[in-house]
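This briefing goes through the pockets of one protein model and the surroundings of its ligand. Please keep the sequence and the structure in view while reading.

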Amino acid sequence: MRSPQQAIFLEDSDHHLWLEYDLLPGAETRDVREAVRLALEVPRDSRVDSERRPRCVIAFGPVLWSRLATERVPQGLHLFEGIDGPEGHHAPPTPHNIWIWLHGDHHDENVAAALGVHRALRSVARLAAEEHGFRYRDSLDLTGFVDGTANAKGAERQVVALIPSRQRGGGGSHVLAQRWVHDLRRWEALSDAQQSKIMGRTKDGNEELKGRAMPKHAHVARTDIEVEGEAQPVYRRSVPFGGVREHGLYFVAFANSSKRFDALLESMFGVTDGVHDRLLDFSRATSGAYYFAPSQEDLDSALK
Ligand code: HEM
């Protein structure tokens with residue numbers, strides 16, 4: 001049994017920080033390995049109290065992972081190519097080579113670790129994107145709805161998130177990272193009942209709408225889907241980001257197959273049946289990429 005990166009499954013962090021890097025042209029593979037090894041030592045810095053140390057997850061874009069570990073590329077790993085819905089909704093592809101997620105209870109330690117990671121990586125890679133997120137009250141999204149309710153629990157999380165051990169890339173995960181910017185002014189002009197019809201759960205009480213009360217365009221209806229009779233669960237670890245000027249959800253999900261992300265996004269954007277997720281009229285994706293978060297063993301051998 002391969003060991004997954006444990007920090008994927010630690011759910012109690014109050015503060016989150018994501019970094020996305022592009023390799024510099026001409027960066028040598030051996031220098032990239034060395035820089036990533038050094039970067040991954042930073043969050044384990046023994047001078048920081050263990051309780052304050054951030055947890056860290058690293059994932060790689062398809063191009064870099066194929067270069068680092070040709071034998072360990074999971075089936076179906078591909079670049080996110082963006083998505084265009086029939087009614088003009090668009091999700092842009094913003095693929096990068098390295099995705100790093102630091103999370104813990106101390107924002108200062110996340111930032112200190114991010115600075116250290118950056119020092120280690122900057123000779124081989126350029127910082128392309130950075131975002132800081134936070135747990136909002138009782139795991140709410142900024143729309144005021146609880147996010148994560150239907151997520152797998154306990155051991156089921158690993159079944160949903162991890163590629164089975166016997167497959168290539170076993171113990172690793174396909175990752176979708178996507179930054180969504182909300183239009184809260186428009187959202188807050190709606191009543192709670194209208195918002196609940198868009199989300200597919202009640203705002204007050206967090207009950208799933210049942211039967212005819214659940215519109216086809218509701219977010220839950222567009223994402224609780226089956227493909228050829230099979231459910232398409234993903235393990236979501238999204239949290240809100242931003243402040244007054246700009247804010248939204250930094251969507252992160254892990255899955256044992258990249259096809260799940262394709263299926264969910266096609267359903268949300270109305271590619272499958274022409275019905276788009278009404279949430280798209282109140283939030284827009286400003287980034288999006290697929291990554292691969294290898295098992296600890298595959299990571300260690302890729303960086304040797
Ligand atoms: C603006 C961005 C988004 C917001 C604010 C949002 C919010 C929510 C909320 C409030 C729920 C209901 C509670 C729950 O079960 O977690 C939910 C469910 C869900 N969302 Fe999202 N979400 C967003 C984007 C996405 C994206 C991009 C995907 C997939 C690619 C996705 C997949 C799901 C899934 C699979 C569920 C569970 C459906 C079920 O089985 O009941 N969401 N989301």
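Helices, as the word is used here, are DSSP runs of H or I with at least four residues, and they are numbered from the N terminus. In that numbering, His-219 lies in helix H7, and the iron atom of the ligand has this residue as its single donor from the protein, through NE2 at 2.1 Å. The model is predicted, and the ligand sits in its largest pocket.

**The iron and the polar contacts of the ligand**

- The single protein donor to the iron atom of the ligand is NE2 of His-219, and a polar side-chain atom of His-219 also lies 2.9 Å from a nitrogen atom of the ligand.
- A polar backbone atom of Gly-148 is 2.5 Å from an oxygen atom of the ligand, while for Thr-149 a backbone N or O atom lies 3.1 Å from an oxygen atom of the ligand.

**The shell around the ligand**

- There are 25 residues around the ligand, and those that come nearest are Gly-148, Thr-149, Ala-150, His-219 and Arg-236.
- Sorted by class, this shell holds 13 nonpolar, seven polar and five charged residues.
- E7 provides the largest share of the shell, four residues.

**The largest pocket**

- The space in the largest pocket amounts to about 870 Å³, and its lining is made up of 39 residues, with Asp-147, His-219, Thr-223, Arg-236 and Phe-251 lying nearest the centre.
- Two or more residues of this lining come from each of helix H4 (156–161), strand E7 (173–182), helix H7 (219–223), strand E12 (247–255) and helix H8 (259–268).
- By class, the lining of the largest pocket consists of 21 nonpolar, eleven polar and seven charged residues.

**The second largest pocket**

- For the second largest pocket the volume is about 500 Å³, and of the 20 residues in its lining, Gln-75, Asn-256, Ser-257, Ser-258 and Lys-259 are the closest to its centre.
- Helix H8 gives the largest share of this lining, four residues.
- The lining of the second largest pocket divides into five nonpolar, nine polar and six charged residues.

Note on methods:
Residues numbered from 1 in each chain as written. Predicted model: local features only at pLDDT ≥ 70, side-chain atom pairs only at ≥ 80, totals over all residues. Heavy atoms only, no water. 1 Å grid on protein atoms, 1.4 Å probe; cavity = no way out; pocket = protein on both sides within 12 Å on 5 of 7 lines; lining within 4 Å. Points joined across faces, edges and corners; volume = space filled by probe spheres on them. Nonpolar A, V, L, I, M, F, W, Y, C, P; charged D, E, K, R; others polar. Donors = N, O, S within 2.8 Å, 3.2 Å for Na, K, Ca; no water. Near = heavy atom within 4 Å. Polar contact = N/O pair within 3.5 Å; in protein donor to acceptor, adjacent residues only side chain to side chain. Sits in = over half its atoms within 2 Å of the grid points.
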